[in-house]
Amino acid sequence: MIRRPLFSTTATICLITASICAHAQDWPSKKQITMVVPFAAGGSTDATARLLADKLGKELGQQVIVDNRAGAGSNIGSAYVAKAAPDGYTILFATSTIATNVTLYKNMGFNLSKDLVPVSQFAQIPNVLTVNNSLPTKTLKEFSDYAHEKKGPINYGSAGSGSASHLSGALFNSLAKGSMVHVAYKGGAPANTDLIGGQIQAVFSPMVEVLPFIDSGKLRALAVTTKERSSRLPNLPTVAEVLPGYEITLWNGVLVPKSTPPEIVTKLAAATQKAAADPVVRKTLAEQGSIPIGNTPEQFSKALTAEIDKWAKLVKLSGAQVE
């Protein structure tokens, strides 16, 4: 009597697994695909996800709808996908935040390495160091010296404790041996609003979020955080040109629940790679300052492992804590 329920449960699991595998070759003919975006609608991540969703739908011959599930620094939406059926019909559009959260949160609600499978990175995004126009620093070198020599207060805003904008500033402050003070906001938009208003002096923002302010002259851009200069703002130096060893690169990409059949992972990765190579997509990303990637599951997996380690060091350096 003890063994019968156990056998029944095991048989049920086997039947479910067999059913999923049987449908893998026909995927995604069964129903529409839901792409979960673990951030609010209307933001830069949401816009990029919708760009990808549209192209994936055309590549796969099945509608891909976006489902925004924001909260807990992207953990709520990510956990939802981690616990979803591994049938290819619920996928995650994650950002580099998911790698940061491994160290930042004691409990993400799921295990990134065990519960999700990397499919393909879609794009890289540089952060841009922008300052208020009244700050008496016209170049990156002047700003670095200003911070190092404590010539005046530099309060740098961020999208929140442990966010990429916070960690970008913390690394800069460490390498410049500066005296910058971190000011955490509930999102990048209010931080940039206060930057324009002069309440704070600097923000390290994703390029796509601040390009309108840079182009209109409301903010002064001093540098990009990536290893190489951006084609969107080619005259801006990299931070590493003044502070060797500095590099912060953001990214986004697709992941699926563990046990998703390899056939589905391969097909979804191929579709994502084609979307990243699409001329219209590349043009749109370039206008945002982003760089298309479209790598393989194996390449993304290797990159994600390195990213978890990299962001862990930055979280510890910054002393970031989740409020």
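**Close-ups: salt bridges and the domain contact**

**View 1. Lysine 58 pairs with aspartate 54 in a salt bridge, with 3.4 Å between the closest N and O atoms.** A salt bridge here is a side-chain nitrogen of Lys or Arg within 4 Å of a carboxyl oxygen of Asp or Glu. This is a predicted model, where local features need pLDDT of at least 70 and side-chain atom pairs count only at pLDDT 80 or more, while totals for chains, interfaces and linings use all residues. Residues are numbered from 1 along each chain as its sequence is written, and side-chain values use heavy atoms, with hydrogens and water left out. The two partners sit 4 residues apart in helix H2 (residues 44-60), so about one helical turn separates them. Helices (H or I, at least four residues) and strands (E, at least two) are DSSP runs, numbered from the N terminus. Lysine 58 is exposed at 60% relative accessibility, and aspartate 54 is partly exposed at 39%. For these labels, buried is under 20% relative accessible area, exposed is over 50%, and partly exposed is in between (1.4 Å probe, protein chains only).

**View 2. Lysine 283 and glutamate 287 form another salt bridge, their closest N and O atoms 2.6 Å apart.** Both are in helix H11, and being 4 residues apart puts about one helical turn between them. Lysine 283 counts as exposed, at 53%, whereas glutamate 287 is partly exposed, at 44%.

**View 3. Arginine 232 reaches aspartate 215 in a salt bridge, at 2.7 Å between the closest N and O atoms.** Arginine 232 is in the loop between strand S8 (220-224) and S9, and aspartate 215 is in helix H9 (residues 207-216), so the pair ties together parts 17 residues apart in sequence. Both ends are partly exposed: arginine 232 at 25% and aspartate 215 at 48%. The structure holds 12 salt bridges.

View 4. Some 16 residues of domain 1 and 18 residues of domain 2 take part in the contact, meaning heavy atoms within 4.5 Å. Together the domains bury about 1300 Å², 71% of it on carbon and sulfur atoms; buried area is the accessible area (1.4 Å probe) that two parts lose on being put together, summed over both. How many salt bridges cross the interface of domain 1 and domain 2? The rule finds 0.
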